[in-house]
Amino acid sequence: MRVTQSMLSGNMLRNLSNSYSKLGKVQEQINTGKKVTRPSDDPVVAMKGISYRTELNNVEQFSRNIGEAYNWLDTTDDTFDKIGSALQRANELMVQASNDTTTAEDREKIDSELQQLRDHVQNLSNTRIGNRYIFSGTKTTTPPYQAGTGYITNDPAFEKTIEIEVFDGINLQVNTTPIKLFSEIDQMFDQIGKDISSGASGKQLSSHLSTIDDNMNKLLTTRADIGARQNRVELMDARLQSQEIIATKRMSENEDVDYEKTITEMITQESIHRAALSVGARIIQPTLTDFLR
């Protein structure tokens with residue numbers, strides 16, 4: 001086979017083009033910090049990257065859901081804490097009112113404060129997060145207590161739960177449905193007011209102490225359930241944080257370049273490219289005049 005000058009020049013140009021391409025790819029990896037910038041660079045790495053990124057996006061979405069769950073449960077617990085304080089104060093006032101040495105005028109003053117506590121509980125029962133009432137079941141746009149009509153206890157929607165997905169296939173109830181308890185507390189305050197206004201004796205008024213105590217126990221039971229769900233959310237949050245670290249590490253190992261290795265590869269490729277240019281210059285250099293000498 002006869003090897004001509006044009007064949008040598010053509011091979012040299014192809015080799016230089018391949019060398020430029022390899023050098024450009026290494027430089028691009030260093031600039032972007034990624035092994036691949038397009039799927040054609042390495043389809044396997046690209047497909048794994050899509051899978052890991054999808055997993056990480058899911059973790060991030062669940063983390064946002066966890067934040068929403070925290071918001072609902074923390075707000076609910078804080079509301080119940082304030083209602084508990086109101087009932088504790090009502091208990092103290094009723095102890096005073098049931099004392100036979102307390103005058104009718106003093107009992108009227110006590111009742112005035114008790115009715116303020118009643119209004120306070122009514123306001124707390126209409127607590128909202130954004131524009132959603134948290135104690136209205138699935139009817140979050142409707143307040144559980146409405147002036148003139150009282151608490152809505154005959155609508156099944158107010159007893160329905162709201163769940164948020166906090167992990168793949170795991171849903172957690174974030175709302176509490178204490179509409180009946182709120183109604184019982186409101187009726188208790190109403191009956192206390194009627195008894196004081198009618199001039200009931202201290203012994204008759206003392207019977208309300210057991211009602212207050214019963215409602216406080218129901219409130220504590222509800223708070224215990226909220227606390228248990230808060231603990232569950234914390235556990236899921238910790239699990240998600242670990243999952244995020246794992247997914248991020250996997251994605252980094254799959255996509256990110258090893259800078260030391262890549263820089264070494266670039267230096268090697270530069271040396272090869274310079275050698276190719278040097279050899280190419282010697283191949284192209286001879287002319288017809290050089291052959292005739």
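**Strands and hairpin**

Visitor: Over how many bridges do β5 and β6 pair?

Guide: Helices (H or I, at least four residues) and strands (E, at least two) are DSSP runs, numbered from the N terminus. Two strands pair if DSSP finds at least two bridges between them. Strand β6 covers residues 170–173, and its pairing with β5 is antiparallel, over 4 bridges.

Visitor: Which pLDDT do local features need in this model?

Guide: Residues are numbered from 1 along each chain as its sequence is written, and side-chain values use heavy atoms, without hydrogens or water. The model is predicted: totals for chains, interfaces and linings use all residues, side-chain atom pairs count only at pLDDT 80 or more, and local features need a pLDDT of at least 70.

Visitor: Which residue in the turn of the β5 and β6 hairpin has a positive phi?

Guide: Within the pairing, I164 has L172 of β6 as its bridge partner. The hairpin leaves 2 residues between the strands. A positive phi of about 80° in the turn belongs to G169.

Visitor: In what order do the helices and strands of the protein chain run?

Guide: The protein chain has 7 helices and 6 strands. From the N terminus on, the order is α-α-α-β-β-β-β-β-β-α-α-α-α.

Visitor: To which backbone oxygen does the side chain of Q115 reach?

Guide: Q115 lies in helix α3. Leaving out residues up to four places away in sequence, Q115 touches F189 and G193, where contact means heavy atoms within 4.5 Å. At 3.3 Å, the side chain of Q115 reaches the backbone oxygen of F189.

**Aromatic rings**

Visitor: How are the rings of F62 and F167 arranged, stacked or edge-to-face?

Guide: Rings of Phe, Tyr and Trp (its six-membered ring) pair if their centres lie within 6.5 Å; planes under 30 degrees apart count as stacked, over 60 as edge-to-face and the rest as tilted. By this rule there are 6 aromatic pairs. F62 in helix α2 and F167 in strand β5 are 105 residues apart, and both are buried. Their centres lie 6.1 Å apart with 25° between the planes, and the pair is stacked.

Visitor: Which residue has its charged end over the ring of F167?

Guide: A charge sits over a ring if NZ of Lys or CZ of Arg is within 6 Å of the ring centre and within 35 degrees of the ring normal. The charged end over F167 is 3.9 Å from the ring centre and belongs to R239.

Visitor: Why is the pair of Y151 and F182 classed as it is?

Guide: Y151 belongs to strand β4 (residues 150–151) and F182 to helix α4, 31 residues apart. Y151 counts as buried at 11% relative accessibility, and F182 is buried at 0%. The ring centres are 6.2 Å apart and the planes are at 35°, so the pair is tilted.

Visitor: How far apart in space are F135 and N175, C-alpha to C-alpha?

Guide: F135 lies in the loop between β2 (132–133) and β3 (145–146) and is buried, with a relative accessible area of 0%. Ring pairs link F135 with F80, Y145, Y151 and F182 into a cluster. Beyond four places in sequence, the contacts of F135 include T76, F80, L124, F158 and F182. F135 and N175 are 40 residues apart in sequence, and their C-alpha distance is 7.0 Å.

Visitor: Is K48 buried or partly exposed?

Guide: K48 lies in helix α2. R250 is 202 residues away in sequence, at 9.4 Å C-alpha to C-alpha. With a relative accessibility of 42%, K48 counts as partly exposed.

Visitor: What is the relative accessible area of T102?

Guide: T102 is in the loop between α2 and α3. Not counting residues up to four places away in sequence, T102 touches Q96, A97, R107 and I110. T102 is buried, with a relative accessible area of 16%.

Conventions. Polar contact = N/O pair within 3.5 Å; in protein donor to acceptor, adjacent residues only side chain to side chain. Buried < 20%, exposed > 50% of the residue type's maximum accessible area, 1.4 Å probe, protein only.
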